[in-house]
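Thank you all for making time this morning.

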Amino acid sequence: MTDTLRSLSTRFLDARLVGVLIVALLATMPFVVDAYTLSSLSEVLAMGLLAVSVAVMAGNAGLPSLGQVAPYAVGMYTTVVLIRSGMTVGPVLLLASAGAAALFCLVLGFAVIRTRGVVFLMLTLAIGELTYQVSQRWTDVTGGTDGSGRYDATQAFWGTEPMVKPDSIYWYCLAVAAIVVLIVARLVSSTPGKLIRGIRDNEARMRADGHRVGHYLLALYIGAGVVAGIGGSLMASSQRMVFPSDSNFNISALVLMAVVIGGAASLNGAIVGLGLVMMLRDWSNTAVAEHSPLVLGVLFIVVVYLLPGGFAGAASRIGLRQRKEAT
Amino acid sequence: MEFLDGYIPHIIGGIAYGLLLFTVASGLTLAFGVADVLNLSHGSIFALGGYIAYALTDGTWTGLILAVLAGTVAGALFGGGLSIAVAPLAKRGHLAQALLTFGIAMIVGHLLVIVFGSGEKRPTLPTELTKPVLFGGNYYAGYHLLFIVIAGILAVIGWLVITRSKAGARVRAMVDDRQMVATLGTNPKLVLAGVLAVAGGLAGLAGALGAPILGPSQGAANMVLMQSLIIVVLGGLGSVGGAFIAALAVGQVHTLGVALAPQWAPYLLFGAMAVALLIRKPPPLLLGGRA
């Protein structure tokens with residue numbers, strides 16, 4: 001037990017250092033890369049929060065969600081609706097998106113957190129996919145498959161200029177993402193965070209010890225949804241035009257693969273993994289254009305067979321969890 | 001009654017669609033319940049069957065029968081192949097299966113688009129089936145009625161096989177206790193491969209038979225997979241009877257819901273699933289207590 005705690009604390013310290021290095025590296029980007037790459041990187045940061053959301057669920061509770069795009073879409077469209085109605089101040093957009101995502105997850109959470117294993121996968125998948133269907137059909141808000149159309153730029157703060165240049169948008173995304181990841185890292189290492197990992201490792205025992213497992217998991221689901229919702233808000237602010245396909249199952253799957261590559265328990269790993277996956281996606285979109293799904297499909301298969309190490313963090317424990325449930 | 005009359009065609013259409021979904025979802029729920037495989041490429045098998053039907057039908061009855069047989073065989077081969085592909089992942093949980101089968105679905109979906117183009121394809125049916133048929137005061141597409149009969153017969157045969165035959169007993173035993181089945185001298189790997197092949201065959205059959213109702217396309221593949229997953233959740237993992245009832249309900253929501261409240265149709269399915277999960281006591285849905 002003490003060994004576990006010690007390895008956890010060293011891992012956290014390492015993670016902090018790695019996190020600082022990642023942020024430092026990302027902060028140099030506006031001076032290094034061109035505008036197009038910078039706007040792609042802004043998207044990576046927005047989707048990086050989606051990946052963090054998945055990683056928090058999978059790594060800490062052992063619940064790999066296939067549907068975190070749902071709160072992500074809620075955050076994204078909350079921001080779009082607010083900007084269209086004239087509210088363009090960043091903090092308001094972020095808080096409103098986070099709140100909408102939290103409400104969404106509160107309502108669904110009661111059903112979601114009752115399930116485990118394959119039912120959890122299917123239920124979250126269904127939630128993600130149905131949200132996508134709603135976003136395709138609720139044309140008043142989403143514009144349907146034609147997309148939202150161009151809307152106004154976000155202001156980083158009250159009284160500041162609207163962000164129209166790729167570099168100012170990038171700074172905004174980087175600042176928000178860094179703050180959110182920092183808060184998540186603190187929460188994960190807090191006492192409730194440890195209790196949630198306890199639930200992952202031995203749920204029956206945690207129940208027997210008198211812990212309210214349902215409450216913790218509901219809080220986790222809502223918290224992960226808030227992170228995804230903020231990611232969606234960043235996406236909406238950075239693209240200034242969104243489509244339902246920005247939050248479909250393909251995105252879920254890409255993000256999940258990124259988390260798997262990065263090692264599900266690590267927040268940094270999730271973002272780095274996502275960066276790699278997005279680079280590959282963009283590369284295949286330009287290099288082999290229409291055959292991009294083929295490249296990604298092969299990558300999925302290769303990752304699953306050849307990178308069980310990527311699973312090492314959480315997925316081996318997910319496997320453990322499932323075996324326990326089976327008995 | 002006059003109020004209802006206008007909706008009867010939708011209800012009949014919903015039954016046809018529900019039975020179509022049942023054919024797909026029964027395979028999916030068997031694969032889940034027995035082989036413990038989360039197959040996200042199940043919708044692609046459906047599309048594969050549909051494209052095969054599109055390619056082989058030429059307006060003759062022989063062509064139609066040939067197409068349905070070919071679709072079934074292709075689906076069964078796909079399912080059998082899948083059992084080999086997932087074997088190395090046996091200890092790695094459902095997430096690995098989900099990623100693998102999603103990758104397979106991406107590749108197969110893309111290859112189908114390369115071969116057949118991205119537009120929606122409809123098979124050429126014998127002219128007898130394309131004529132409207134008068135039934136109970138309303139006109140229906142003849143094919144819908146034939147489909148309901150055939151899918152109904154299939155459901156009965158499936159039910160008899162599972163509840164009455166020796167193979168069915170073995171499969172049901174696998175759901176309850178895999179180790180016990182192995183101890184009694186049945187190779188569980190063979191049963192698993194068989195179940196996946198049957199599941200794939202059912203999806204291919206549904207794709208070929210259902211192509212005139214729901215033309216094959218990438219979108220159809222995703223929608224069918226999605227609705228089948230909902231059916232499996234609603235019906236209870238591995239429960240073919242549950243899947244039957246859930247499939248008919250989803251079929252009604254899909255067609256009658258669209259007719260009655262087009263804006264609300266996607267939410268209705270969503271709501272139905274959430275309600276089912278909330279009112280049901282959790283245990284039967286959890287892995288330990290497969291219904």
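Predicted model: local features only at pLDDT ≥ 70, side-chain atom pairs only at ≥ 80, totals over all residues.

With which residue does A:Arg200 form a salt bridge? The partner is A:Asp201, and the closest N and O atoms of the two are 3.0 Å apart, where a salt bridge is taken to be a side-chain nitrogen of Lys or Arg within 4 Å of a carboxyl oxygen of Asp or Glu.

Residues are numbered from 1 along each chain as its sequence is written, chains are lettered from A and ligands numbered from 1 in the order in which they are written, and side-chain values use heavy atoms, with hydrogens and water left out.

Returning to that pair, A:Arg200 counts as buried at 7% relative accessibility, whereas A:Asp201 counts as partly exposed at 32%; buried means under 20% relative accessible area, exposed over 50%, and partly exposed in between, with a 1.4 Å probe and protein chains only.

Over all chains, the structure holds four salt bridges. One of them joins A:Glu203 to A:Arg116, with 2.8 Å between the closest N and O atoms. Because A:Glu203 lies in helix α9 (residues 203-208) of chain A and A:Arg116 in the loop between α4 (90-112) and α5 (117-137), this pair ties together parts that are 87 residues apart in sequence; helices here are DSSP runs of H or I with at least four residues, numbered from the N terminus. A:Glu203 is buried at 15% relative accessibility, and A:Arg116 is buried at 6%.

A further salt bridge, at 4.0 Å from N to O, brings together the side chains of A:Asp209 and A:Arg205. Here A:Asp209 is partly exposed at 47%, and A:Arg205 is exposed at 54%. Salt bridges with shared partners also join A:Arg116, A:Glu203 and A:Arg207 into one network.

Let me finish in chain B, with B:Ser217, which sits in the loop between α10 (188-210) and α11 (218-235). This serine is buried, with a relative accessible area of 12%. A polar atom of the B:Ser217 side chain lies 3.0 Å from the backbone nitrogen of B:Ala220. Setting aside neighbours within four places in sequence, B:Ser217 is in contact (heavy atoms within 4.5 Å) with B:Ala47 and B:Tyr51.

Terms used
Helix = DSSP H or I, 4+ residues; strand = E, 2+ residues; numbered from the N terminus. Polar contact = N/O pair within 3.5 Å; in protein donor to acceptor, adjacent residues only side chain to side chain.
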